[in-house]
Amino acid sequence: MSAWSPDHLDRQPPGTAVRSPDGLPDLLHAGMYVVDDNGSIVSVNARAEALLGRTADELVGRDAHELLHRDHLGQTLPRASCSMMQAFLSGRTGGGDREWFRRGDATPLPVTWLVTPCRIDDGATGAAVLFYECGSGSEALPPAAESPTLSQLERLALLAETTTRLTSTLDSDEAVARLVRLVVPRLADWAIVDLITESDDVWRTTVATHHDGVVVRREDLEGPLPPVHEESFMPLSRALRGAASALAGPETYQGPPDSGITVAQQRLFQVTGLRSAAIAPIRGPRAVLGALTLGLSDRPGSFTGAELSLLEDIARRAGLALENARLYQRQRHIAETMQRHLLPQMPEVPGLRMAARYESASESSQVGGDWYDVFSLSDGATAVAIGDVVGHNIDAAAGMAQVRNMLRAYAWALEEPPSAIVERLDQAVVNVAEASMATLVFGRVEQSEDGWMLRWTNAGHPPPLLITHDGRSRFLDEEHDHLLGTGLIRARTDTLTALPPLSTLVLYTDGLIESPGHTLDRGLARLRQHAAALAHRPLHVFCDLLLERARPVGNDDDVALLVFRTPAEVGEADDR
């Protein structure tokens with residue numbers, strides 16, 4: 001470790017301190033650490049290690065604010081509301097008392113502190129921080145612990161954090177969970193979220209409190225609520241109608257209940273021990289989505305008009321986030337439903353086993369244009385196709401439907417090889433269809449005197465994988481022509497591939513092999529390894545396990561999977 005030494009410490013008179021090996025004084029009662037101009041710890045003394053319950057190796061190189069600075073509830077302080085950060089950034093000497101550091105065992109350390117600029121190695125500037133323990137936790141609680149009131153700066157920081165956290169997810173359940181974590185225990189002992197569903201039911205989605213700063217759900221208090229009473233003047237009923245925000249206490253619910261919701265509120269106050277509550281409507285741009293309730297049960301004080309105003313601002317931001325999440329999920333549901341209805345039923349082909357799977361992308365993505373198709377042709381052959389229309393939205397799903405239907409029409413009407421049919425489809429994609437570009441593998445599976453055969457063509461799609469019954473595997477990558485929709489005028493090719501008895505043919509889309517940060521070759525090798533290991537499994541088990549094992553972690557794309565298995569030769573046992 002380098003010897004970091006503040007200039008003024010080098011001029012201490014003899015006997016005032018014993019220097020630790022890294023150049024910082026080993027003070028009797030005060031801890032000390034030095035940070036560089038980025039706020040990262042570069043040196044500590046022995047007393048700091050003892051007070052913080054952390055070794056120098058655990059401290060040096062870490063951001064001091066993120067690692068140590070906490071409020072009285074153990075929550076990370078926004079940098080904008082941290083007085084120590086303000087002193088550090090000002091470049092002047094400053095101090096404070098009744099602040100909090102986080103020890104290595106996660107317990108709070110109440111401190112009095114002083115921060116002052118200093119020079120470190122090579123003439124760079126930083127700051128030295130001296131601190132000492134100023135009493136036990138109960139003795140050192142700052143005034144903020146006696147009331148949920150926040151300063152104007154803290155309010156602005158909380159609202160900014162609320163906007164950032166809630167708008168960065170399009171999952172309504174996750175948005176509610178983030179909302180609760182923002183306000184408990186920072187503002188309240190309890191948070192209750194009641195939402196109105198799209199069918200106008202009222203659902204108590206979340207009842208949460210905290211233990212030692214960790215949010216805990218009370219699922220026994222969650223669930224459906226009676227309908228909103230249009231003539232009730234009780235606070236929650238009014239909030240759910242979007243009428244007004246209100247403060248409430250146990251006395252609010254002491255009289256005869258005027259509705260079923262009021263009965264539920266009486267039970268809530270009794271079970272949780274709420275002494276003070278603030279209730280605000282959660283409004284979306286078009287309708288009231290629910291209500292947010294904050295409650296105090298353990299800490300002293302009561303909510304006031306100032307806290308109610310803050311709650312209204314938070315609930316307004318929550319309403320925007322929840323409305324966006326609902327719109328997204330509605331669109332996603334429509335697209336998924338359309339896409340699943342367009343995927344075909346497997347036809348019955350004597351001797352040939354078939355299975356297919358379609359897995360949508362993760363919740364953070366929209367549906368795409370992945371598809372597969374299997375249908376019988378007039379000459380008795382079986383047409384097989386798998387493809388991917390470029391895009392990840394409902395337009396891609398609609399384009400997929402066009403390409404699939406045109407391919408079916410061409411394949412049924414024209415007695416031509418796969419390459420000729422795909423050439424006609426390519427011209428239609430360029431001139432007629434709304435799809436921009438697409439990849440496709442299209443072929444005919446047919447039985448001849450020599451066994452089962454696949455005659456196929458590839459328009460820019462990942463190569464099919466063939467696994468024999470003994471576990472040998474190879475990608476069918478003999479030919480690889482251009483994508484559909486590029487406008488290129490170039491002849492396409494056909495390939496004839498024999499399908500040995502009990503062999504498995506795997507057609508798939510790129511979501512099964514591609515992932516950010518990894519090469520395509522790695523994904524193909526992974527697919528080949530797992531497919532070969534599953535060669536003896538029944539076909540439906542084969543599909544399920546292949547998706548589970550070969551799909552890359554962090555995959556953010558749809559996956560379509562189409563698998564065929566040929567029968568055994570005459571006289572051999574078929575153990576499929």
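This is a predicted model: local features need pLDDT of at least 70, side-chain atom pairs count only at pLDDT 80 or more; totals for chains, interfaces and linings use all residues.
The mean pLDDT of the protein is 84, with 88% of the residues at 70 or more. Two stretches need a caution. Across residues 1-21 the pLDDT stays under 50, and the model has 41 contacts beyond four places in sequence for that stretch. The pLDDT is also below 50 over residues 136-147, a stretch with 21 contacts in the model beyond near neighbours in sequence.

On the overall make-up, the protein contains 13 helices and 25 strands. It has 576 residues, and buried residues make up 52% of them. Take the contacts with a separation of 6 or more: 61% of them are between residues 24 or more positions apart.

Now to H8 and its surroundings. H8 has 13 residues, and from its first C-alpha to its last it reaches 19 Å, close to the 18 Å expected at 1.5 Å a residue. Several of its residues are buried, among them Ile-261, Ala-264, Leu-268 and Phe-269. What covers them? The buried residues of H8 have a cover that includes strands S9, S10, S12, S13 and S14, together with helix H7.

Is Ser-259 buried or exposed? Its relative accessible area is 10%, which is under the 20% cut-off, so Ser-259 counts as buried. Its side chain makes a polar contact of 3.1 Å with the side chain of Thr-262, and Thr-262 is one of the buried residues of H8. Not counting residues up to four places away in sequence, Ser-259 touches His-229, Ser-232 and Ser-237.

The next topic is a sheet. Five strands form an open sheet in the order S17-S18-S19-S20-S23, and the pairing is antiparallel. Strand S17 (369-376) and strand S23 (495-499) are at the edges; each has a single partner strand, so one side of each has no neighbour in the sheet. From one strand to the next, the twist averages 20°.

Inside that sheet, strand S18 (residues 382-389) pairs with strand S19 (residues 438-448) over 8 bridges, in the antiparallel sense. One example is Asp-388, whose bridge partner in S19 is Thr-439. Helix H11 (residues 418-431) lies across S19 and strand S20 (451-459), and H11 runs at about 150° to S19.

Two single residues remain. Arg-119 is in strand S7 (residues 108-119). With 45% relative accessibility, Arg-119 is classed as partly exposed. How far apart are Arg-119 and Asp-36 in sequence and in space? They are separated by 83 residues in sequence, and by 9.0 Å in space from C-alpha to C-alpha.

The other residue is Ser-473, in strand S22 (residues 473-475). Ser-473 has 17% relative accessibility and counts as buried. Which residues is it in contact with, leaving aside neighbours within four places in sequence? Ser-473 is in contact with Leu-465, Leu-466 and Ile-467, and also with Arg-528 and Ala-532.

That is the end of the tour.

Definitions and conventions:
Residues are numbered from 1 along each chain as its sequence is written. Side-chain values use heavy atoms; hydrogens and water are left out. Buried means under 20% relative accessible area, exposed over 50%, partly exposed in between (1.4 Å probe, protein chains only). A polar contact is a pair of N or O atoms within 3.5 Å; within protein, one must be able to donate a hydrogen and the other to accept it, and residues adjacent in sequence count only if both atoms are side-chain atoms. Contact means heavy atoms within 4.5 Å. Two strands pair if DSSP finds at least two bridges between them. Helices (H or I, at least four residues) and strands (E, at least two) are DSSP runs, numbered from the N terminus. Axes are lines fitted to C-alpha atoms, for helices over the stretch in contact, and angles run from 0 to 180 degrees between N-to-C directions. pLDDT is the predictor's confidence in each residue, from 0 to 100. The expected span of a helix is 1.5 Å times one less than its number of residues.
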